[in-house]
Amino acid sequence: MNIARLSPIFSAAFAIAYVIIEQNNLALFTYHPRINEWGWLMEPSRNGPGMYWFGWLGSSALVASLVALISVPLLRNRPVPSIMGWAVPLICMVLFVYLLRAFFFR
Amino acid sequence: MVVFLLILHGLCAVALLGAITHQTFAAWWPARKAIGFTPSFRAVQGAKFTNAIVILFIITFVLGAVIYPPYRLNGRTYLETMRMWSVNGSFELKEQFLAIGLGMLPFYWHVWRQSLDDTLALARKMTSALLFFAVWFGFITGHVVNNVKGIM
């Protein structure tokens with residue numbers, strides 16, 4: 001299978017994984033900016049706030065890559081619908097507006 | 001150094017905005033003849049912007065990630081102390097939109113590097129539109145946040 005054909009699956013999987021990972025704080029690593037230290041997985045704050053966004057990106061990329069790889073044998077002779085590649089990210093962006101609505105209604 | 005990187009981040013974002021805006025308008029509202037300013041703006045070959053958009057998106061994203069820790073320590077703390085929730089929330093939305101945009105880049109590159117056929121026309125329009133929205137939202141939000149409280 002052409003690797004480029006997996007791109008809609010990667011795109012959709014990344015968006016879904018990112019929402020789940022962000023909501024449950026399943027960061028692959030944590031950065032502590034005050035002391036300039038990194039740690040594996042989600043760590044509590046150390047002498048200042050912890051930053052999880054980098055870890056969310058890492059977790060999402062890892063999950064999306066695994067999903068795309070697993071889908072190779074399943075989709076060998078089947079067309080990959082291109083709508084997945086943009087509709088799922090669009091839905092996830094709208095979902096984030098809903099999930100973060102509390103910031104705008106305080 | 002942080003201020004230099006912030007300005008570089010902003011300059012790359014401006015170049016990215018220009019490219020993605022040209023491409024999105026050309027995809028959604030193509031002009032057959034480049035007569036006058038508005039039709040000329042839309043009469044570009046959108047596919048030729050693709051590699052530049054991917055590279056600029058990644059560079060701008062990485063620069064943003066590098067200057068994110070100073071913002072987290074100084075800017076966001078200030079926004080929380082001042083209870084500026086809508087500004088803080090806008091930045092939260094910015095980081096989520098752009099993260100999803102980053103994950104969509106391989107698909108975006110894939111649909112725009114193909115020769116145009118009807119099955120991919122909608123995907124081209126939608127991927128460009130989503131990146132257009134995410135980049136413009138991120139740019140405006142970044143400016144507002146920086147105007148409220150710089151990262152120093």
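**Chains A and B, and the residue A:Glu43**

Between chain A and chain B there are 2 residue pairs in polar contact, both at pLDDT 80 or more; such a contact is a pair of N or O atoms within 3.5 Å, of which, within protein, one must be able to donate a hydrogen and the other to accept it, and residues adjacent in sequence count only if both atoms are side-chain atoms. The model is predicted, so local features need pLDDT of at least 70 and side-chain atom pairs pLDDT 80 or more, while totals for chains, interfaces and linings use all residues. Residues are numbered from 1 along each chain, chains are lettered from A in the order in which they are written, and side-chain values use heavy atoms, without hydrogens and water.

The side of chain A that touches chain B draws two or more residues from each of α1 (7-24), α2 and α3 (83-99). By class, this side has 24 nonpolar, 5 polar and 4 charged residues. In contact terms (heavy atoms within 4.5 Å), 33 residues of chain A meet 34 residues of chain B. In chain A, the residues that lose the most area to chain B are A:Trp53, A:Trp86 and A:Met93, together 23% of what that side buries.

Attention now turns to one residue of chain A. A:Glu43 lies in the loop between β2 (37-40) and α2 (53-74). A:Glu43 is buried, with a relative accessible area of 18%, where buried means under 20% (1.4 Å probe, protein chains only). Its side chain makes a polar contact of 2.6 Å with the side chain of A:Arg46. Not counting residues up to four places away in sequence, A:Glu43 touches A:Thr30, A:His32 and A:Tyr52.

Methods
Helices (H or I, at least four residues) and strands (E, at least two) are DSSP runs, numbered from the N terminus. Buried means under 20% relative accessible area, exposed over 50%, partly exposed in between (1.4 Å probe, protein chains only). Buried area is the accessible area (1.4 Å probe) that two parts lose on being put together, summed over both. Ala, Val, Leu, Ile, Met, Phe, Trp, Tyr, Cys and Pro count as nonpolar, Asp, Glu, Lys and Arg as charged, and the others, Gly among them, as polar.
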